[in-house]
Each structure stands twice: as structure tokens, then as C-alpha cells.
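Here is a short note for someone opening this structure for the first time. Please keep the view open while reading the points.

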Amino acid sequence: MAGLELLSDQGYRVDGRRAGELRKIQARMGVFAQADGSAYIEQGNTKALAVVYGPHEIRGSRARALPDRALVNCQYSSATFSTGERKRRPHGDRKSCEMGLQLRQTFEAAILTQLHPRSQIDIYVQVLQADGGTYAACVNAATLAVLDAGIPMRDFVCACSAGFVDGTALADLSHVEEAAGGPQLALALLPASGQIALLEMDARLHEDHLERVLEAAAQAARDVHTLLDRVVRQHRAELRGGHRLVLGAGFPAADPAHLHVGERHGLHHGGGAVCGRRPCPGFCPGLRRPPQEVGGSASGLA
Amino acid sequence: MAMEMRLPVARKPLSERLGRDTKKHLVVPGDTITTDTGFMRGHGTYMGEEKLIASVAGSVERVNKLICVKALKTRYIGEVGDIVVGRITEVQQKRWKVETNSRLDSVLLLSSMNLPGGELRRRSAEDELAMRGFLQEGDLISAEVQAVFSDGAVSLHTRSLKYGKDVDLSCPARTRHGFAPSSTHLLTYPEAHISQLGQGVLVQVSPSLVKRQKTHFHDLPCGASVILGNNGFIWIYPTPEHKEEEAGGFIANLEPVSLADREVISRLRNCIISLVTQRMMLYDTSILYCYEASLPHQIKDILKPEIMEEIVMETRQRLLEQEG
């Protein structure tokens, strides 16, 4: 874009970040009661929702069953309202298929499929708002969802995008930076071992710079891992604390006229680096009242 | 018609349960549990580069030399002797496929089902052809796990017995389990020793919340009966009145259930859901106490968050008093 410099002289990007800085990440697990595992993630303005079903018996054609491994089936879909212009994206179109395939390759590398022969694991990802780094957000959301479902994995899969502007490698590109046309790379990493699950780039980059861009992406992925780790532990602490309401679709109210919109935003208590200040619009629009006093002392064991 | 709307509120979480699980070592996939090679690896772990690494997010459990990581939420993992409630998904050549919220569909062999009249004979071709007459796709059954295959699939059997008495001579230690289709389908064998339960409500919960007990069939004093399947499927039905009656002569129990019974069943269902939302273990005592605690409220109010908390708090209190 003419006139818009992606990296200022002082080293600030368009949205005020530094070259290697990530956008704010907020995530939540266990969003849907009826799925085996679900998660929601916001990376800056990019919002993705992942739902996992499985492992379960293969539906449809029995012939697809693999006798020694589980079949991983990924579907990607992008909401019509996710981009600046409202655009209808039919389910079978090329981009969705390609993303689905990439997600499948990523998760086949990470999930221990030998433990569940003849079964199928379904991962459905939907992008609710796309502001750059959609593949990374999808992978991060899907990792949390797979963890939530209790499916064994080698390690977290953390992904981040990276680009190269003016001799500097930038991490976690936003839509503006992606649209500028420079080289960009998407990396999915297994942080503990440093193994790469997927590396994708379809632009031209001089090989001398590849090392730096790759390192920037890897470092960003490791930072994402720290954040996701914290989200998982927090989620578990909440579950142990015994009190968590999830989106009502799993257990509809007996009286249909009773709209049950209330929901506790899992991160809005006590703050901390992972908590965001603004509520996440998809799930808790509206007020926050002071919490009601729960009568009596909470007893220990049940 | 009066409509109620609620605005979202940030809720204060209940304080941590005292002493429970605070000492447990929580891990996420990729975490090294130990580098000591003397340990045997159990579920939820894998060996990588001389280290024992966790593969699920959960708490580490150690029994002598065995280390395993127990995930918070998984599908049902079958163990021999469990009572499960399942739904028929397929009728195959000599068996039925039953969906039981596990990793693979469970299998109910034709030879594992008692023939009408209690005969003991080899199943013939006519029996195979009549399979659909017994159980069709969509029927609900309660059965017991007979065996677990190497890939984790579970084999079920329904040894149908008259209530309370053990007619099956080949396995005298078996507890009672019934055959409970919920569809309106008629059996063609007039002398089926199968107690048909007919109508009821199915609630699906996480398998980890159902407590293991000696018996999973409970007749609650409030007027309904409940089957707590180990796989997380809970079947609530009106207590049949004529229990001692001979089941020779098939009765399709499709007569309308009385309003009082239906209210009891709805209330029980909402109570179970409130217990599950608060992550409390489900067993007959907890369900009963929750039912009694919910009596002052209207049935549909039980699902409101604050009333749910109140009821479950009271239940927890009563259970603690009862224990100690």
C-alpha cells in the first residue's frame, strides 16, 4: 500500500508493535458442552473457534478405516462476515480444502494416532474474524480443542506467521502487513522438541534471509506456547474449583421461553497477562455486574 | 406469555475445594514427567529420548512403578462388568453395533442375548433373520460389558432376568440388567423374558462423573427409577408397578405416563444436569439429595445458574454431613 510504511524508523509497526512482538492472545477451552473438545482463541483481531469430536467410530464409508491408526479429518470454514467485505464461501472451495489439508497434515504429525486404530477424529475450525494469521489461529485453537477432548498428542502445536520487511523479520502478521505483498511464512512447531510440523511459504524470499525469518517465527511460536500452557492450567484450575458454566447448547433449558444468555467469561477474574480488558464479543456481549454473593461457605469435598 | 431474559454476568467462582487435587502434579502434553528409566509407562504417556513425556493434559498418577496421566475428560473406556446404556446404530450379520460414547462402537453379539423362553441352543439362521425383530437402529438398551477387545472396542451382553431373581444359570454372580428399548417397536416373541421399560428420559453426561457402585439400577423413593450407565448415559424412567409379574406375555408399555411421574422425571433430569454442571459425582444418594433440595423450586427454575448453585451447595452440605 503506497504511503504506509510497515516498519517505521524507530522500529514500530503499523499497530505499534515491535518487530518480534505478538498480538494479544486470549483463549478459552471447553466452550461447547456437546462436543468432545472445543476452544476459542483471539489473536489480536483474528478470532477462531475449533471443535473436536472423537475418537469415534468411522461414519460413512467403512473402507476408509485405517487398521493401525486413527483417521484425522479436518475441516476449515470461514464465516461470511469474517473479512472486510461480506463474501459467501461455499464449503468445498479451494481455499477451505487447502487449509483443511494443511491442518490435517499438522495434526497427523502431532496426534498419537497409533493409539486409536480404526477410529476417526474430527476437527472443525471456523474463523469468525480474519485479521491476518488465520492458519496460526486455527492451529492454536485446534490444539486447545484436542487437549480439551483428551486425545493424546506428542506436544502442543503452536503456530505463528512471519514476514520480512526492510531487512527485519516481523512476527505475527496482521492483515495489513499480509496484504502489502511481502514474503510471509507460516510455521507450526512442537515446542518441546523444536520439531516443525508444518512450514508453508508461497512467496519469494532470498535464502540468506530464510534463517532469520524462520527463527522469528519459531520464537513467536514458543511465546504462543507459554500463553497456551497458561490457558490450559487455568482451565483445569477452574474445573477443579467446580464451577463453570458453558454455552447452553448442551443442556437446553426446560422452558424454551427462558433465554439463557448469561455466561461467565473464563478470563475475566483477577486479570493477569492473558486476560483481556475488553469482553470478547462473540460470547459475552453486554454488562458486567458485580458478582452476586453466594450464600454460605463453599464446602470442600463433595 | 411471560418471558424471562437474563443478561450475562461475570460470576465469582466457588473457592477451591479444600485439599483435593491441590497436591496433584498437573501436566500438559510435551511436559517431561521423569527422566528416571525405572518407571513403567501407563496411559497418557509416551517415551521420547530417554524421558517419559505426558501426552494428555491431566494429573499424574503413580502406582508403585507405573506412571500414568489421567486426562480430565475422555470418552468412555470400557471395563469388564460395567453397566452401560447404549443406542443401536447398526444391525450386522450376527451382531448389533451399539453406540456407547466410547472410542469405537460397542458390539452386542447375537449369542450374547438370551433367547425367549430361556433356551440354551446354538443360534440358527432364523435367529439371524429375526434380529431386527429384537433390536432395531435407534433402540436404547442397557447391557453389561462382557469383554474388551485389543483395540478398545467393547463387547456387551444382555442376560435378561426377571427382576431380582437370577434365571441365567451359567453366570450366577451377574447383577440384574434389563433390555430397555425406548422406541415403539414390538417384540415378536410372546414369551420374551425381557423387561421392557418403554418410556423415559436419557441424559448424556461425561463418564468420569458417574461413580462406580455395586449396583447401577436404582429405584428412587421419589417415584422414578434410574439406570446410571458407566458410559455417562443415564436413563430415567417411571418405576414399573408390577415388578413381580411374569414376563410371559409381552406388554408394550406405551400407555401414557401420568403427569406426576413426568414431573418427577423432569425434575430428576434437571437435578442431574445441575450436578453435572457443578462437576459433582453422580450416584443414587447425591441425585436423591439434590432432588429433595430442589423441591421448593419450580422444575424449570432449577436450570437457572443461581438456583443451581444453591441446590448443589445444599446437596454438598448434606453429603458431607452424612459422611462425617
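1. Start with one pair of residues. In β3 of chain A, the bridge partner of A:Ile41 is A:Ala48. Seven bridges join strand β2 (residues 37-43) to strand β3 (residues 46-57) of chain A, and the two run antiparallel. Strands pair when DSSP finds at least two bridges between them. Strands are DSSP runs (E, at least two residues), as helices are (H or I, at least four), numbered from the N terminus.

2. A word on the basis. This is a predicted model, where local features need pLDDT of at least 70 and side-chain atom pairs count only at pLDDT 80 or more, while totals for chains, interfaces and linings use all residues. Residues are numbered from 1 along each chain as its sequence is written, chains are lettered from A and ligands numbered from 1 in the order in which they are written, and side-chain values use heavy atoms, with hydrogens and water left out.

3. Now the sheet. Five strands of chain A form an open sheet in the order β1-β2-β3-β5-β4, with mixed pairing. β1 (25-29) and β4 (71-78) of chain A stand at the edges with a single partner strand each, so one side of each has no neighbour in the sheet. From one strand to the next, the twist averages 15 degrees.

4. Two helices lie across these strands. Helix α1 (residues 94-110) of chain A lies across β4 and β5 (119-129) of chain A, at about 140 degrees to β4(A). Helix α2 (residues 134-148) of chain A lies across β1, β2, β3, β4 and β5 of chain A, at about 150 degrees to β2(A). Angles run from 0 to 180 degrees between N-to-C directions, with axes fitted to C-alpha atoms, for helices over the stretch in contact (heavy atoms within 4.5 Å).

5. Is strand β6 (residues 158-165) of chain A enclosed or open? Eight of its eight residues are buried, so β6(A) is largely enclosed by the rest of the structure. Buried means under 20% relative accessible area (1.4 Å probe, protein chains only). Both faces are covered, with A:Phe164 among the residues on one side and A:Val165 among those on the other.

6. β6(A) has antiparallel partners. Six bridges link β6(A) to strand β8 (residues 184-190) of chain A, where A:Cys160 has A:Leu187 as its bridge partner. Four bridges link β6(A) to strand β7 (residues 168-171) of chain A, with A:Gly163 opposite A:Leu170. β6(A) and β7(A) form a hairpin with two residues between them, and A:Asp166 in the turn has a positive phi of about 50 degrees.

Note on methods
Buried means under 20% relative accessible area, exposed over 50%, partly exposed in between (1.4 Å probe, protein chains only).
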